[in-house]
Amino acid sequence: MQKSWYKEMSVYQVWPRSFCDGDGDGIGDLKGVLSKLDYIKSLGVDAIWFSPLYKSPQKDYGYDIADYRSIQPEYGTMEDFKLVLDEAHKRGLKVIMDLVINHTSDQHEWFKKSIEEPDSKYHNYYHWYKGKGKRRPNNWMSTFAGPAWEYNEKLDEYYLHLFAVEQPDLNMDNPEVREEVKDIMRFWLDMGVDGFREDVITFISKKEGLPSSPYWFPVATGIEKYMHGPHLDEYLLEFKNDVLSKYDCMTVGEAPMMTTKNALKHITEGPNQHLNMMFHFEHMAADCLFYSWFKTKFSLKRLKKVFSRWQKDLYGKAWNALYLENHDQPRVINRYGSTKYRVESAKMLAVTYICQCGTPFIYQGQEIGMLNYPFTDIEQYTDVSTKNNYDVAKAIMGPDRALKLANYASRDNARTVVQWNTEKNAGFTTADEPWFMVNPNYKEINVEAAEKDPDSILNFYRALLKFRKENEVVIYGDYKEHYKRSKDLYVYERNYEGKRLLVINSFTENAVNFKAPEGFDLSKGKCVLTNYKDPKVSGNAFTTKPYETRVYLFE
Ligand code: GLC
């Protein structure tokens with residue numbers, strides 16, 4: 001397996017609106033980021049991925065871009081961005097931008113012109129279609145619920161939007177649109193950014209003629225016609241050959257519904273590789289069907305199966321992107337861990353994924369164990385997909401159960417402001433009111449408190465990332481799972497150039513008897529990471545404590 005900087009790095013994700021407010025208007029911004037660069041560096045990460053910073057009406061908090069070449073005024077100016085970029089680089093931190101090219105904002109000049117000047121080239125930048133009589137062009141539904149088509153009276157045509165109404169899909173089959181995309185990439189790469197996280201990149205190619213789906217789902221009907229579309233390979237290769245390959249940069253593509261088999265078509269190393277890695281979603285469905293709004297009971301077996309499949313199928317061929325949280329996922333402790341054993345389970349979950357083979361991504365607040373917000377009213381939510389999904393859920397199960405579901409599933413759980421200290425608004429802003437909620441648990445859960453506590457989740461992340469950096473077995477080692485049938489324990493080993501790692505994770509508060517798998521003598525290994533003091537072993541075995549994790553290194 002070829003070594004590379006993007007394989008060895010770990011990445012911190014900043015969702016700018018809620019990260020840190022530097023100018024006192026209640027909204028996170030670049031000045032705030034600048035003031036926290038030393039903090040980010042102190043985690044031991046090597047890169048920052050910024051969720052969109054571009055000019056945007058914020059209907060989907062930046063994933064609706066009105067101008068790809070300017071900064072959202074609430075966040076600062078282009079000069080502010082260049083300063084952040086420069087200061088990040090000075091600290092040895094790479095900067096990864098979010099590239100959202102499946103759609104634009106309806107306030108983008110291209111879209112406005114596509115309506116105002118229907119004979120101009122911009123009309124064909126989007127998917128404008130005539131209706132079928134009084135019906136929409138096809139039966140597709142938006143990922144955010146509701147039809148995927150919006151009618152425009154002036155043109156007597158509909159446009160496609162796979163996400164919010166204000167996010168019209170670009171027509172990537174139009175070569176002019178692809179040229180625009182390449183120019184945008186060059187603009188940022190020439191400025192010095194180090195790569196892109198490519199938003200829903202696997203949706204950019206739609207099946208010719210946009211045929212209706214024979215299936216019906218409450219959301220995203222038609223997804224099989226575009227989730228891995230006919231020209232995806234071609235377009236990704238074009239972006240790579242014409243632009244990306246000319247820079248020392250990395251790419252990670254967001255890929256809903258992705259399987260290892262399809263992923264390998266894009267990320268297998270070699271001349272035909274399209275992207276360096278992909279964010280798949282399969283491991284985020286251990287407590288739901290496909291996504292968190294179709295909630296089921298958490299199943300460790302389901303989670304392990306997915307982890308192991310991705311580890312095994314990609315090893316030696318392609319590279320994994322590892323994550324448990326981001327701005328679209330509720331907090332993972334609430335889902336796969338335990339709020340009762342918050343500290344223990346947060347550390348265990350960190351080990352579970354960061355000790356796998358791949359590049360780990362850590363979402364803001366995850367490193368201090370932030371939790372879901374205790375929402376009590378649907379009016380408190382601000383996310384467009386939450387509101388739409390709630391309406392669908394309410395029609396099926398009534399308002400009370402729909403609200404309970406929203407509390408569990410909403411992306412807004414990840415979007416409350418970062419809790420820095422015990423001061424007003426958790427130290428996020430000096431304004432009277434931050435733009436969005438502060439979790440009432442901030443007096444207990446905040447960065448300042450975590451800094452002071454040597455046993456905090458924060459300091460555990462630091463130790464874990466340091467260990468990964470100093471031990472190639474964590475980065476490049478192979479992977480083998482043990483105790484596959486256990487519903488409580490997740491155990492795997494990693495091997496690299498004579499070094500071995502045994503990673504033991506308990507997903508329960510109950511005591512479980514663990515015996516080392518054959519070939520491992522725990523007394524000969526060193527327990528390098530654990531969430532309890534004095535890990536004891538007796539007879540090559542031990543009984544687990546609640547959510548215990550232990551990592552043994554054998555040299
Ligand atoms: C991706 C983003 C998400 C956004 C959607 C539409 O899934 O991560 O936040 O709403 O794409 O751009």
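Trainee: Which conventions apply to the numbering and the model?

Mentor: Residues are numbered from 1 along each chain as its sequence is written, and side-chain values use heavy atoms, with hydrogens and water left out. The model is predicted, so local features need pLDDT of at least 70 and side-chain atom pairs count only at pLDDT 80 or more, whereas totals for chains, interfaces and linings use all residues.

Trainee: What is a pocket, and what is a cavity?

Mentor: Rolling a probe the size of a water molecule over the atoms shows where empty space is left. On a 1 Å grid over the protein atoms alone, a cavity is a set of points where a 1.4 Å probe fits but cannot get out; a pocket is an open set with protein on both sides within 12 Å along at least five of seven lines; lining residues have an atom within 4 Å of a point. A volume is the space filled by probe spheres set on the points, which are joined across faces, edges and corners.

Trainee: Where does the largest pocket lie?

Mentor: Domain 1 (5-102 + 173-375 + 413-461) and domain 3 (376-409) both contribute lining residues, so the largest pocket lies between them; the bounds come from an automatic or database domain assignment. Its volume is about 1,100 Å³. Among its 45 lining residues, Pro-256, Met-257, Phe-281, Phe-290 and Tyr-291 lie nearest the centre.

Trainee: How many cavities of 30 Å³ or more are there?

Mentor: There are four. The largest cavity has a volume of about 80 Å³, and its lining includes His-280, Trp-310 and Tyr-353. The second largest cavity holds about 50 Å³, with Glu-325 and Tyr-461 among its lining residues.
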